[in-house]
Structures are given as structure tokens and as C-alpha cells.
Amino acid sequence: MLLIILMRKYDDTYRHKGLRKKLVDIIRDKGINDEAVLTAINNIPRHFFLDSAFDEIAYEDRAFPIAEGQTISQPYTVAYQTQLLQVKPFEKILEIGTGSIYQATVLAEMKAQVFTIERQKVLFDRTKHFVLKGKYPNMKFFYGDGYEGLPTYAPFDKVIITAAAPFIPPKLVAQLKTGGKMVIPVDEGAQQRMLRLTKNADDNTSEEAFENFSFVPMLAGKNG
Ligand code: SAH
């Protein structure tokens with residue numbers, strides 16, 4: 001019985017593909033125009049990343065609870081952050097907040113080398129059984145504190161933070177290459193302002209500010 005349910009969950013039918021095309025149209029209408037981002041979203045079966053058996057929900061443009069009080073980001077938000085990141089094939093990208101693995105998969109589908117950190121043990125442990133693992137050898141999972149980054153693997157071309165950061169973590173800036181970019185939602189009261197930071201040749205940074213979003217908080221340390 002369980003096997004049948006699992007097999008159905010990991011079935012990507014024509015119906016799913018149709019729902020996904022509509023989702024891509026919605027995201028495009030909202031202003032996302034990076035075709036590589038839209039193609040990645042069109043290619044990835046988002047219903048594989050939800051706990052729910054009601055897989056239509058996966059193709060609505062909204063966030064959804066996963067385990068441990070965390071969320072899978074809204075598809076538009078994933079597309080927005082990914083577009084700001086200006087992903088190119090083979091870039092080394094550090095993600096903070098693995099969560100459902102969906103955002104990391106979008107980056108991997110775009111042929112980046114993805115390093116993703118999760119502080120919740122339960123969520124990290126799930127990555128060991130990630131059903132698309134074989135398809136994406138360009139993805140590495142880490143259990144740790146995102147504020148620390150991954151000094152062993154630094155420097156990175158890009159850094160993306162998918163939780164609400166109270167400030168820009170200095171160690172993550174230090175782990176960016178010259179010319180590298182960080183996309184980070186930084187707290188501004190109840191919401192966060194999406195910022196894109198560029199590391200310049202003199203090690204100074206410049207910042208661009210974009211729209212407001214609402215993320216779960218980025219917390220310090222490991223949990224569990
Ligand atoms: N990128 C995820 C979004 C998950 S929500 C997705 O595509 O589904 C944010 C995630 O960040 C949560 O899983 C939360 O546990 C994690 N998180 C919060 N603070 C963190 C930290 N300091 N280091 C690493 N992960 C963190």
C-alpha cells in the first residue's frame with residue numbers, strides 16, 4: 001500500500017506537466033523573464049517536494065508547509081530570487097536553507113554546482129533519500145549553521161539565502177568571489193526587503209534593493 005502511494009507521488013503525469021505549464025505562465029505574467037529560470041521550473045516536478053498527497057497544490061503559486069514548521073517557498077519567490085542571482089552553468093552557488101530542496105533543485109537544473117546548508121536535522125536527513133539525487137550529481141547537502149557558510153568550499157560565485165536574515169552575515173560576504181553576488185531577504189519589520197549585494201574588486205560591496213517578501217526566520221546554530 002505504502003509503495004503504491006510512493007509510486008504515485010513520484011509519478012510525473014501529463015496532468016502534472018499541464019499544471020506546471022500554467023504555473024510558469026502565471027510566474028511569467030508576474031514579471032519573471034529569465035527563460036532559463038522558467039524552463040527549470042517547467043522541468044521540475046514540484047509535487048515531489050511536498051508532503052501532501054493533494055499534488056495540485058504543488059502547482060498553485062503559493063508557499064506550503066513542509067516538516068518542522070518550515071515552508072517550501074512560493075514558486076514566484078523562487079523564480080524571483082533565482083532571476084536576481086543571474087545563474088550561469090557551472091557556477092558554484094551556496095544556498096542557505098535547504099528546506100524542501102526545491103530551490104536547490106532549480107539551481108541544479110540550471111547546471112550550477114550547488115552547495116546547500118540546512119540547520120534542522122530532520123530536514124537535512126530527508127536529503128539522504130531525495131528521489132532526484134541520481135539526476136543531480138551537481139548538488140551537495142550540508143547539516144550546519146548557514147551563518148558560518150562553508151569555508152572549505154569557498155569562494156562561491158553566488159550565495160542565496162532563503163530565510164529572513166536579520167542582517168547580512170559577514171562570513172558569507174567573505175566567502176564570495178570578487179564580482180560575486182548574494183541575494184538575501186533582510187528583515188525590515190514584519191517583512192523582508194530583497195537585496196542583491198555585489199562584491200567589488202576592492203572587497204567593498206554594493207547593494208541593490210528590490211521588492212518585499214515574507215520568509216521564515218534565519219536562526220543561528222544547528223537544531224536537532
Ligand atoms: N529553500 C527552501 C526554503 C525553505 S524555508 C525550499 O526551497 O524549500 C527556509 C529554510 O531555512 C528552513 O528549512 C530553515 O530550517 C532553514 N534555516 C533557517 N536558518 C538557517 C541557518 N542559520 N542555516 C541553515 N538553514 C537555516
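Biologist: What should I know about the numbering and the cut-offs?
Modeller: Residues are numbered from 1 along each chain as its sequence is written, and side-chain values use heavy atoms, with hydrogens and water left out. In this predicted model, local features need pLDDT of at least 70 and side-chain atom pairs count only at pLDDT 80 or more, while totals for chains, interfaces and linings use all residues.

Biologist: How many residues of strand β6 are buried?
Modeller: Strands are DSSP runs of E, at least two residues, and helices are runs of H or I, at least four residues, both numbered from the N terminus. Buried means under 20% relative accessible area, exposed over 50%, and partly exposed in between (1.4 Å probe, protein chains only). β6 spans residues 156-161 and is mostly covered. The buried count is 6 of its 6 residues.

Biologist: Which residue in β7 is the bridge partner of phenylalanine 156?
Modeller: β6 also pairs with strand β7, residues 176-188. That pairing is parallel and has 4 bridges. The partner of phenylalanine 156 is leucine 176.

Biologist: Which residues are linked with Lys158 in a network of salt bridges?
Modeller: A salt bridge is a side-chain nitrogen of Lys or Arg within 4 Å of a carboxyl oxygen of Asp or Glu. Glutamate 91 and lysine 88 meet in one, at 3.9 Å from N to O. Glutamate 91 is buried at 10% relative accessibility, whereas lysine 88 is partly exposed at 46%. The network joins Lys158 with Lys88 and Glu91.

Biologist: How far apart along helix α6 are lysine 121 and aspartate 125?
Modeller: Their side chains form a salt bridge, 3.0 Å from N to O. Lysine 121 is partly exposed at 26% relative accessibility, and aspartate 125 is partly exposed at 25%. Both lie in helix α6 (residues 121-126), 4 residues apart, so the separation is about one helical turn.

Biologist: What is the distance between the closest N and O atoms of arginine 28 and glutamate 35?
Modeller: The structure holds 14 salt bridges. Glutamate 35 is partly exposed at 42% relative accessibility. Arginine 28 is partly exposed too, at 36%. The two form a salt bridge, and their closest N and O atoms are separated by 2.7 Å.

Key:
Two strands pair if DSSP finds at least two bridges between them.
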